[in-house]
Amino acid sequence: MPHDDPDHPHSLLPPEPALRVKALETILTRKGLVDPAALEEIIDTYQNRIGPKNGAQVVAKAWADPAFRAQLMEDATAAVTALGFYGRQGEHIVAVENTAEQHNLVVCTLCSCYPWPLLGIPPAWYKSDAYRARAVREPRKVLADFGVTLPDGTAVRVWDSTAEVRYLVIPMRPKGTEGLSEEALTALVSRDSMIGTALAAEPAP
Amino acid sequence: MECPEHSAPEPVFQEPWHAQVFALTVHLNESGAISWADWVTRFSDRLAQHGLSRELDGGDDYFHVWLETLEGFLAETGTATPGEASEMRTAWEAAYLATPHGQPVKLAAQ
């Protein structure tokens with residue numbers, strides 16, 4: 001491997017785009033526009049601290065606490081801020097609730113707007129051209145690709161995120177979860193279920 | 001579109017440079033150098049341009065467009081001109097090639 005390879009006595013050269021990013025970082029740092037410690041903090045936050053478990057807590061609380069649910073549907077930004085989930089890309093969050101009549105699916109047709117404080121960084125498929133184009137055009141087929149089949153009577157509503165508004169899907173609470181604690185409910189809420197490409201999981205029997 | 005593998009945890013960023021270019025942009029937004037609405041407009045324009053010629057998979061190609069957008073913005077505002085960026089990129093390449101494997105890579109003194 002590279003460590004003992006006589007053909008590679010020098011450091012492994014990073015890929016071309018990595019060199020370009022390093023160049024920008026150095027220039028901006030030298031001009032005092034960027035603080036390398038702040039960059040590390042941002043990366044650490046998104047790699048390790050913010051993720052779909054935040055959103056899952058919000059969903060579980062909405063299922064378990066009718067007053068919170070009402071507040072969330074009325075003003076989701078305020079409701080999730082009160083739980084400590086706020087910050088970048090979460091300025092205006094709207095919660096959309098799945099019902100027997102309507103299933104909600106979130107997309108960003110422009111790029112990849114996403115409620116970062118609740119779900120972290122979007123997965124690659126959310127950013128792909130295929131998903132961004134097809135979610136609006138043929139949402140039921142997209143859902144089928146994700147293994148989700150809805151009853152004929154359930155309409156699909158697609159929400160297109162923007163720089164200003166981000167959506168959080170509140171999946172339907174699975175049957176047989178009446179006695180579960182909020183913490184146990186949280187485990188049933190996947191990232192995809194909060195984008196609308198999955199349903200909340202059934203509890204293990 | 002292929003159904004993603006649901007069981008395997010995905011890394012948040014597939015490559016370290018994806019994380020770095022993301023953090024640079026977020027940092028510039030927080031310091032007020034670029035508004036997020038402005039960023040989204042620039043970025044989505046470029047995504048649309050690239051998406052015309054080929055289908056983007058949302059991974060590496062997505063961050064290539066991200067980097068190109070950031071370079072374009074910094075060039076336009078004169079913050080980092082293409083000449084500066086290219087010179088600095090070459091300096092980093094030289095530093096990697098001149099550093100023995102296992103040693104920390106540092107730029108030569110200015």
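User: Which are the buried residues of helix α8 (residues 129-137) of chain A?

Analyst: In this predicted model, the buried residues of helix α8 of chain A are D129(A), Y131(A), R132(A) and A135(A). As a general idea, an α-helix has 3.6 residues a turn, so residues three or four places apart point the same way. The next step is to see what those residues pack against: in chain A they meet β2 (102-107), α7 (124-127), α9 (139-145) and β3 (155-160), and in chain B they meet α2.

User: What are the elements and domains of chain A?

Analyst: Chain A has 11 helices and 4 strands, and its domain assignment gives domain 1 (14-48) and domain 2 (51-195). The centres of these domains, taken over C-alpha atoms, are separated by 31 Å, while the C-alpha atoms of the chain fill a box of roughly 65 × 35 × 35 Å along the principal axes. Of the 205 residues in chain A, 43% are buried, and among its contacts between residues at least 6 apart in sequence, 71% join residues at least 24 apart.

User: How many helices and strands does chain B have?

Analyst: Chain B comes to 4 helices and 0 strands, running α-α-α-α from the N terminus on. Buried residues make up 28% of its 110 residues, and of its contacts with a separation of 6 or more, 35% are between residues 24 or more positions apart.

User: How many residues does each chain give to the contact, and which elements of chain B take part?

Analyst: An interface can be read by counting residues on each side and then by asking where they sit and of what class they are. Here chain B gives 51 residues and chain A gives 49 residues. On the side of chain B that touches chain A, the elements giving two or more residues are α1, α2 (36-53), α3 (60-76) and α4 (82-98), and by class this side has 33 nonpolar, 11 polar and 7 charged residues.

User: At what angle do α1(A) and α3(B) cross?

Analyst: For a pair of helices, one reads the distance between the axes, the angle, the hand and finally the residues. The axes of helix α1 (residues 16-30) of chain A and α3(B) come within 11 Å and cross at roughly 30°, and the crossing is left-handed. From α1(A) the contact uses P17(A), R20(A), V21(A) and L24(A), and from α3(B) it uses H64(B), L67(B), L70(B), E71(B) and L74(B); these divide into 6 nonpolar, 1 polar and 2 charged residues.

User: Why does A18(A) count as partly exposed?

Analyst: A residue needs 20 or more C-beta neighbours within 10 Å to be buried, and A18(A) counts as partly exposed because it has 19 inside 10 Å. A18(A), which is found in helix α1 of chain A, touches P16(B) and W17(B), not counting residues up to four places away in sequence.

User: How many residues has the largest nonpolar core, and which helix gives the largest share of it?

Analyst: The largest nonpolar core has 77 residues, and those with the most contacts inside it are L24(A), V59(A), L168(A), V21(B), L24(B) and W66(B). Its largest share, 8 residues, comes from helix α1 (residues 16-30) of chain B, and the core also draws at least three residues from each of domain 1 and domain 2 of chain A. Leaving aside residues up to four places away in sequence, L24(B) touches V21(A), L24(A), E25(A), L28(A), V34(A), L39(A) and L70(B).

Technical notes:
Residues are numbered from 1 along each chain as its sequence is written. Chains are lettered from A and ligands numbered from 1 in the order in which they are written. This is a predicted model: local features need pLDDT of at least 70, side-chain atom pairs count only at pLDDT 80 or more; totals for chains, interfaces and linings use all residues. A nonpolar core is a set of buried Ala, Val, Leu, Ile, Met, Phe, Trp, Tyr and Cys residues joined through C-beta atoms within 7 Å. A residue is buried if 20 or more other C-beta atoms lie within 10 Å of its own, exposed if 12 or fewer, and partly exposed in between; C-beta atoms are placed from the backbone. Domain bounds come from an automatic or database domain assignment. Two residues are in contact if their C-beta atoms, placed from the backbone, lie within 7 Å. Ala, Val, Leu, Ile, Met, Phe, Trp, Tyr, Cys and Pro count as nonpolar, Asp, Glu, Lys and Arg as charged, and the others, Gly among them, as polar. Axes are lines fitted to C-alpha atoms, for helices over the stretch in contact, and angles run from 0 to 180 degrees between N-to-C directions. A crossing is left-handed if the near helix is turned anticlockwise from the far one by less than a right angle, and right-handed if clockwise.
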